[in-house]
Amino acid sequence: MVIFEVDRQSDLPPWLQLRNRLAYLITSGHFKPGEKLPTVRGLAADISINFNTVNKAYISLMEEGYIESKPGKGTIVRDISPEEVEKLKSVDTLIEDCVQACLAMGFDFDEVHKRINKKMHDMKQERMENDS
């Protein structure tokens, strides 16, 4: 069963397309909490894309709380509440809208990524200064 195919016409890079597809499969219940996902190498071979592309998608999903890596057990779908799923979907939609707006302004993905990272860094700094 093919769970993903790269859309060559999309403006989104393949790793982000894969990340979005896996997030959808997790939030829709296709992959259940506690279920083991394919290995990075195995999935890369199954869907004929680069190992690093799959790895980047998995790292993003781990950072966002969809999955976790358990030594000796592999990559496992986290048990997230329906409320958390809805929050994640809402956040994903907001982020995607922001990125699409930046792309429409003429920025490329690397520029958008740099701007978002810089803004996050600046906001963290401000919060730490305000908390002290």
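## Val54 and the nonpolar core

Leaving aside residues up to four places away in sequence, Val54 touches Leu18, Val40, Leu43, Ala44 and Ile49. The model described here is a predicted one, and in it Val54 belongs to the largest nonpolar core, which has 25 residues and in which Leu18, Leu22, Phe31, Leu43, Val54, Tyr58 and Tyr66 touch the most other members. At least two residues of this core come from each of H1, helix H2 (40-47), H3 and H4, and H1 gives the most, with five residues. In soluble globular proteins, nonpolar side chains tend to be buried together.

## The largest pocket

The largest pocket has a volume of about 1,300 Å³, and 35 residues line it, with Trp15, Leu16, Ser60, Glu64 and Ile95 lying nearest its centre. Two or more lining residues are given by each of helix H1 (14-27), helix H3 (51-63), helix H4 (82-104) and helix H5 (109-131), while the most come from H4, which gives ten residues. Sorted by class, the lining holds 18 nonpolar, eight polar and nine charged residues.

## Helix H4

Helix H4, which supplies residues both to the core and to the pocket lining, has 23 residues and reaches 33 Å from its first C-alpha to its last, close to the 33 Å expected at 1.5 Å a residue. Its buried residues are Val85, Leu88, Asp92, Val99, Cys102 and Leu103, and H1 and H5 are among what covers them. After H4 comes Gly106, whose phi is positive, near 105 degrees.

Terms used
Residues are numbered from 1 along each chain as its sequence is written. This is a predicted model: local features need pLDDT of at least 70, side-chain atom pairs count only at pLDDT 80 or more; totals for chains, interfaces and linings use all residues. Side-chain values use heavy atoms; hydrogens and water are left out. On a 1 Å grid over the protein atoms alone, a cavity is a set of points where a 1.4 Å probe fits but cannot get out, and a pocket is an open set with protein on both sides within 12 Å along at least five of seven lines; lining residues have an atom within 4 Å of a point. Grid points are joined across faces, edges and corners, and a volume is the space filled by probe spheres set on the points. Helices (H or I, at least four residues) and strands (E, at least two) are DSSP runs, numbered from the N terminus. Ala, Val, Leu, Ile, Met, Phe, Trp, Tyr, Cys and Pro count as nonpolar, Asp, Glu, Lys and Arg as charged, and the others, Gly among them, as polar. The expected span of a helix is 1.5 Å times one less than its number of residues. Buried means under 20% relative accessible area, exposed over 50%, partly exposed in between (1.4 Å probe, protein chains only). Contact means heavy atoms within 4.5 Å. A nonpolar core is a set of buried Ala, Val, Leu, Ile, Met, Phe, Trp, Tyr and Cys residues joined through side-chain atoms within 4.5 Å.
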